[in-house]
Each structure stands twice: as C-alpha cells, then as structure tokens.
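Here is a walk through one protein structure, taken a region at a time. Keep the sequence and the coordinates open while reading.

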Amino acid sequence: MKRKGLKCLKLTLCCAAAAFAVQGCGASSDDGKIEIEIVQYKPEAANYFKVVEEEFNATHDNIHLTISSPNDAMTILKTRFIREDYPDIIGIGGDINYSYFVDAEILSDVSGYEGMQYINQGYLDIAESLELVPTDGTYIIPYVANAAGVLYNRDMFEEHGWQIPTTWDELLSLCDEIQAEGILPFYFGFKDTWTCLAPWNAMAVELSPSDTTKQVNKGQTNFTTEYRELAEKYLQLLQYGPEGPFAYSYNDACTAFARGESAMYTIGSYATPQILSVNPDLNIDSFVMPASDSADGRTLNSGIDLGFCVMADCENKEAAYEVLNFLYADENLQKYIDDQNAVPCKTGEFQLSSMLDGMLPFIESGNMTDYQDHYYPSEMSVDALLQTYLIEQNTDNFLTNFDANWQRYNRDIIRMVQDYEAANGGS
C-alpha cells in the first residue's frame, strides 16, 4: 500500500515544505525564453555540464538553460529549500538525502516522463527502495551509476594463472595463493574513513538483506543479528592488505595499486580515473565481491550515482522535460560515461570502460543491489565507526554501538515508519 502526506520530522531543512510559493522557477526571461535552472551535486563533472549547457542553448531558441555545479551542492540546496528558492531540476545521488526529499514532497512525480521507459529496471527498483515508506509515484530519473567490488590487475592475473573467485572460500584461497607468490593481495587506504565503506558495502549485498535498515526501523530485527557475519568477514580481509592500512590514504592506495604493489583493490569503479592518472597503461578489470559461501544468488553492488529530479514547484515541466531529453540523448550520455567512467542507467548500446567487463553481465541483467550506506544518516558517521572497528577489532562492541547509534540518529524515522506500519496493517 502506498501513501502520501507523511512528513519526516528529521528533515528540518524542509520544515516549510507545505508551501511552494516561489518566484522565477521556470519563468520566462526578458527575451521571452523559458528559464530552466539545474543544480547538480557532482563538481568533478562541472566541465561536462558546462558543455551541455552551451550546446543546449545553442540549439534551442525557446529555452535558456543554466547548470550550476557548486562545491558542497547539497548544503546549498538545503539552504535554498528552507528559503523556498527551488531550482527547476536537481541532480543528486540515490542516497538518504533523496529519501528525505521524497518524504518532504518537494519533488515532482516523473512517472509520466516518456524517457522513463528506457531506464534500466534495476535502478528504478533501487530508487523505489530508497523511500522511507512506500510512496505513490516516481521521483528521480536515474542517469548514471557506479559499481563497487574488486578491481584487479588483469595482466598480473593472466601471468600467474589466477582464477576469478565466486565464493568467499575461493577468495581467501586466491589471497593465500597470491601471498605465496610474494605479492600483496589487496591495498587499503583506510586513513580516509570513507574508504572503509567500500569493502563493507560490496560484501553487504551478499551477506545482509537489501532492506536491512527498513526491517530494523520496523523493529523486526537489529544490526547485531544482521551484520555479524559481515563484520567478522571484514576483519579477515585485513590480513591480506598492507601493514598499518590506516596510515595510507585513498590516493596512496590508488597509486600503490597503479604501480603494481597489489594484485587487487576493493573499491568502486569511480577510482579508475585516479588510478589511471598514475599509470595510464594499467590493464584493469573487475569482479563482484564474493562474500557468500555459495555462488548462488550473487549480485552486484551498484547504486544511482547521479539522477535528475524535477521540483514540484517547477512552473514549466514541458520545458524541463525537453532539457532532460537532451541530457538523456545517447550521444550526450555516452560523453558523460567516457568523461566519468560511469555506468549508464539507461538501456542501450553504450560503450563502457573495459574495467567493467567482469561486472557487465550483472549490469545488463539488472542484477544489482544498492549500497547499504545509502540508507545511513550522515550524522551517524558509519565510516568512522567502521574505521574504529577495524583498528580495535572488537565485533561485539562494534555491533552494540551500531545498534545504539542507529536508534539515536533515526528515532524520528523509526517513529514514522512504525506509525505507518500500524496504520496500514504492516503492509
């Protein structure tokens, strides 16, 4: 059963979301053109979007497009939302912030947009799963995704005859085999706390239900139960990385892997440009992290890296959709894929980086499961919790703290979810 009308008390940034009186959103300029503004959150793609803006304006007489790619875009957007100063379209990731915006009812239902029929169903399912409680409609058009698992040195694997593992035991056996050759299996850059989430997310999709956080919010389970195997297996990986991994940053790890100092690197596809900037000739491929004891039911850790939402207050949705048609045109999407080494959320004949070869069957079949951390509130700082755990290696203490912090930082969402369950018979 779907619902509309509930408000997440936690979303203080949208405390005035019931009123949508905004001046200038989708309005006409002095020269009669319809003004469409996009604010997107990926500053690393600013050059791409600058070109898109220029090309769109050069080919459209009736619409003027402005695309902003500011640093700390999410803070800027939240500030503007409080002031009820909405752009027409926002470009954001599929994470907890998107969940908050859906719940605050500031996004437009785009299920009627004709381009939705070309979006990979797996990413539409991921978008729906991000809703705090079931909500009628679709509120994001996925644009590109990233994928996380294991990057590996293809030439090194071929030279030694190493086989790609499909189970946890096979992975550990492979690591033992690599170590026996005097080579480091993995490199870690855990000095930067966010990198601690990469192996965690990649293993979680096979070891924990995709709706774990929702089940915890409903009071049907806890993280001590659901995350124990995940936490214990994570510790096992440390023996196959460098000594003192907390002394090395993300850049250090990318550089070391690029220079052949390890056979593998547990990170997402987003790291490839950084790695290739050190060694452009490195032959990289990837495989899905095999965390389960069985090869059955495997899935790729992938989520919406960038999607576009039309604001509910946009005055000219036809013009907004015309802008989206331009963004989602195959040739423009391919340019983004090439520029950012991304995974397209649109179906079609796109040329992907060769480092995604090992993950391609999962992408094409839509066999993907979202990152667990997309459901974590930023205030909880799960990356720091993980880093502390990997240093102290006290599983019971880590899981107890995870449960306690979850209750602390999600109490308003938990109350809302349980009220919804009670009102709808647990549907």
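A search of the whole structure finds 0 disulfides, a disulfide being a pair of cysteine sulfur atoms within 2.5 Å.

This is a predicted model, in which local features need pLDDT of at least 70 and side-chain atom pairs count only at pLDDT 80 or more, while totals for chains, interfaces and linings use all residues. Residues are numbered from 1 along each chain as its sequence is written, and side-chain values use heavy atoms, with hydrogens and water left out.

V144 is buried, with a relative accessible area of 0%. Leaving aside neighbours within four places in sequence, V144 is in contact with I304, D305, L306, L333, Y336, A342, V343, P344 and C345, where contact means heavy atoms within 4.5 Å. V144 and D125, 19 residues apart in sequence, are 14 Å apart in space from C-alpha to C-alpha.

Next comes helix α14 (residues 330-340), whose buried residues are N332, L333, Q334, Y336, I337 and Q340. The elements covering these buried residues include α1 (46-59), β4, β9 (300-310), α13 (317-327) and β10 (343-344). Just after α14, N341 takes a positive phi of about 55 degrees.

Elsewhere, helix α10 (residues 228-238) packs on helix α17 (residues 395-409) at an angle of about 135 degrees, with the axes 10 Å apart. That angle makes α10 oblique to α17 (under 35 degrees counts as roughly parallel, over 145 as roughly antiparallel, 65 to 115 as roughly perpendicular and the rest as oblique). Axes here are lines fitted to C-alpha atoms, for helices over the stretch in contact, and angles run from 0 to 180 degrees between N-to-C directions. On the α10 side the contact is made by R228, A231, E232 and L235, and on the α17 side by T395, D396, F398 and L399.

Methods. Helix = DSSP H or I, 4+ residues; strand = E, 2+ residues; numbered from the N terminus. Buried < 20%, exposed > 50% of the residue type's maximum accessible area, 1.4 Å probe, protein only.
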